[in-house]
Amino acid sequence: MDAEHQETTTLQLVLAWGFVGIPLIFGVVQTLINSMKLFS
Amino acid sequence: MGALSFLDRDHTIAKPGYSRWMVPPAALCVHLCIGQAYAYSVFNLPMTRLIGITDSAPNDWKLTELGWIFSIAIFFLGVSSAIFGRWVEEGGPRKAMFTAACCWAGGFFISAIGTSTHQLWLIYLGYGVLGGIALGIGYISPVSTLIKWFPDRPGMATGMAIMGFGGGAFIASPLSVWLMSQFKTATHVGVTETFIVLGVVYFFFMVVGSIIVRVPAPGWKPAGYVAPTESKGLITRNDVFVYDALKTPQFWLIWWVLCLNVTAGIGVLGQASAMSQEMFPGHITPVAAAGFVGLMSLFNMGGRFAWASTSDYIGRRNTYFVFMVLGFALYCTVPYTGTHGSVVGFVVCFLVIISMYGGGFSTVPAYLRDMFGTRYVGAIHGLLLTAWSMAGIFGPVLVNYIREYNVTHGVPKAQAYNTTMYIMAGLLVIGFICNFFVKAVDARFHMAANDKRGTEPVPANATAPQAARA
């Protein structure tokens with residue numbers, strides 16, 4: 001591969017988004033579960 | 001210099017083929033970590049029992065003393081973003097993110113020493129001062145980079161990052177509680193170890209963000225994007241030097257727009273639990289109120305992305321007009337929901353209000369970019385965040401003191417917040433007027449193409465590298 005050309009792969013994108021997305025989704029789900037107490 | 005030269009802006013320029021969709025996760029790495037600040041209160045009660053363990057001992061810290069930690073941190077957020085804004089802009093995002101990581105983790109480590117030796121001043125210094133500096137630098141570090149990568153959708157791009165700041169508490173709160181439960185013993189509340197673990201984890205996360213972030217090559221633009229050749233309405237094609245922005249009425253009008261919008265939101269955000277229970281006694285229990293606060297946090301986060309993305313289509317000024325008009329109507333409606341016992345109406349009003357509170361934060365970087373250009377937008381954004389620090393004082397004071405005044409003068413608790421709601425609505429009227437007077441920046445403030453101030457070259461409308469892809 002050309003040293004001046006660094007193509008971002010799909011795997012890199014999945015890893016980067018997963019790195020931040022998984023903890024965020026975990027936190028949102030936890031908060032959503034707690035929020036349901038408003039309706040109970 | 002030397003070993004740290006990889007942090008320099010020059011080393012972060014993207015090579016052709018780098019996907020701009022790597023930048024939002026890099027920004028989220030930082031914002032999700034520093035968003036922990038919103039969850040700091042989970043440490044308050046355990047820190048009042050560091051000596052007594054099960055109950056507060058006479059020598060234990062008081063909640064009033066601990067409350068200063070968050071206040072100092074928010075104060076230094078505003079101060080550091082204003083002071084270091086230009087350095088962040090010119091040094092590049094990687095250097096800023098790495099610095100923020102060191103300060104943020106260092107703040108936790110110093111605080112851990114503070115809790116283990118029971119010296120509160122170390123926590124003021126660690127989390128308050130050092131952590132506050134990390135908040136300021138970290139908050140603004142990815143903003144201008146995102147705007148440059150997404151000239152076609154600047155609102156959406158910055159909305160994604162600033163959404164992360166709202167979402168950071170969702171991760172930090174359960175994580176901190178779980179860590180403290182793991183480290184807790186009969187003679188120990190586990191705060192010190194939790195601080196150390198959080199410091200290590202956050203440092204790792206933020207450094208990953210600093211490694212994957214890139215700035216676009218000069219003249220880069222997304223495939224298929226045709227940059228406007230001349231200014232249109234409020235959207236300029238010129239740049240304004242960071243300190244020249246302070247001389248424009250537009251900066252101060254937007255400063256007040258942000259300050260008033262945040263003041264209106266932050267006051268009720270902090271008091272939502274107590275307010276809901278006092279306005280609807282017997283209908284909203286403490287458990288339900290906690291659920292309500294959680295739901296508000298979700299709308300705070302979601303509003304950051306949704307409103308900033310919407311602003312790409314309807315314009316920034318119009319978005320703030322919506323905040324002011326809709327906010328005014330909703331604040332005026334809240335007292336009626338109380339007198340009519342409409343819990344649903346109350347909840348809906350505050351969820352929309354809090355979404356606009358978050359939207360105010362996330363839309364303002366793109367607003368500044370429209371007014372002052374992209375070159376110093378991060379630094380100008382840093383200066384504008386002093387409005388947040390100011391609102392952080394105004395908002396809670398307004399809500400708390402007016403409620404206290406009403407209660408001590410015989411107003412029933414269920415109606416004690418009505419005056420506050422009308423005052424908040426009044427603040428939004430002032431915000432509407434400020435926003436109304438925002439016009440395009442006078443041409444005398446525009447930087448010339450040969451302007452030598454700063455180190456970054458003026459991004460001319462050059463031809464984009466062909467291989468760069470969006």
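Helix α3 (residues 63-91) of chain B packs on helix α14 (residues 377-384) of chain B at about 175°, with the axes 7 Å apart. Axes here are lines fitted to C-alpha atoms, for helices over the stretch in contact, and angles run from 0 to 180 degrees between N-to-C directions. The angle therefore makes α3(B) roughly antiparallel to α14(B). Angles over 145 degrees count as roughly antiparallel, under 35 as roughly parallel, 65 to 115 as roughly perpendicular and the rest as oblique. From α3(B), the contact uses B:Ser81, B:Ala82, B:Phe84, B:Gly85, B:Arg86, B:Val88 and B:Glu89. From α14(B), B:Gly378, B:Ala379, B:Gly382 and B:Leu383 take part. Two residues are in contact if their C-beta atoms, placed from the backbone, lie within 7 Å.

The model is predicted: local features need pLDDT of at least 70, side-chain atom pairs count only at pLDDT 80 or more, and totals for chains, interfaces and linings use all residues. Residues are numbered from 1 along each chain as its sequence is written, while chains are lettered from A and ligands numbered from 1 in the order in which they are written.

**Chain B overall**

Chain B has 16 helices and zero strands. Both are DSSP runs numbered from the N terminus: helices are H or I with at least four residues, strands E with at least two. The radius of gyration of chain B is 23 Å, close to the 23 Å of the globule rule for 470 residues, so chain B is as compact as a globular protein of that length. That radius is taken over C-alpha atoms, and the rule is 2.2 Å times the number of residues to the power 0.38. Along its principal axes, the C-alpha trace of chain B spans about 65 × 50 × 35 Å.

**Two domains**

Chain B is assigned domain 1 (2-212) and domain 2 (242-445). The bounds come from an automatic or database domain assignment. The C-alpha centres of the two domains lie 24 Å apart. Domain 1 of chain B gives 31 residues to the contact, and domain 2 of chain B gives 30. On the domain 1 side, α3, α5 (120-140), α6 (143-149) and α7 (154-183) of chain B each give two or more residues. The largest share of that side, 12 residues, comes from α7(B).

The axes of α7(B) and helix α8 (residues 191-212) of chain B come within 8 Å and cross at roughly 130°. That makes α7(B) oblique to α8(B). The crossing is right-handed. A crossing is right-handed if the near helix is turned clockwise from the far one by less than a right angle, and left-handed if anticlockwise. B:Ser176, B:Leu179, B:Met180 and B:Phe183 of α7(B) meet B:Val191, B:Glu193, B:Thr194, B:Val197 and B:Leu198 of α8(B).

**Between the chains**

In the contact between chains, 24 residues of chain A meet 27 residues of chain B. Helix α1 (residues 10-35) of chain A and helix α11 (residues 286-314) of chain B cross at roughly 140°, with axes that come within 7 Å. This crossing is left-handed. Among the residues in this contact are A:Leu32 of α1(A) and B:Leu295 of α11(B).

**Residue classes**

Ala, Val, Leu, Ile, Met, Phe, Trp, Tyr, Cys and Pro count as nonpolar, Asp, Glu, Lys and Arg as charged, and the others, Gly among them, as polar.

| α3(B) with α14(B) | five residues | four residues | two residues |
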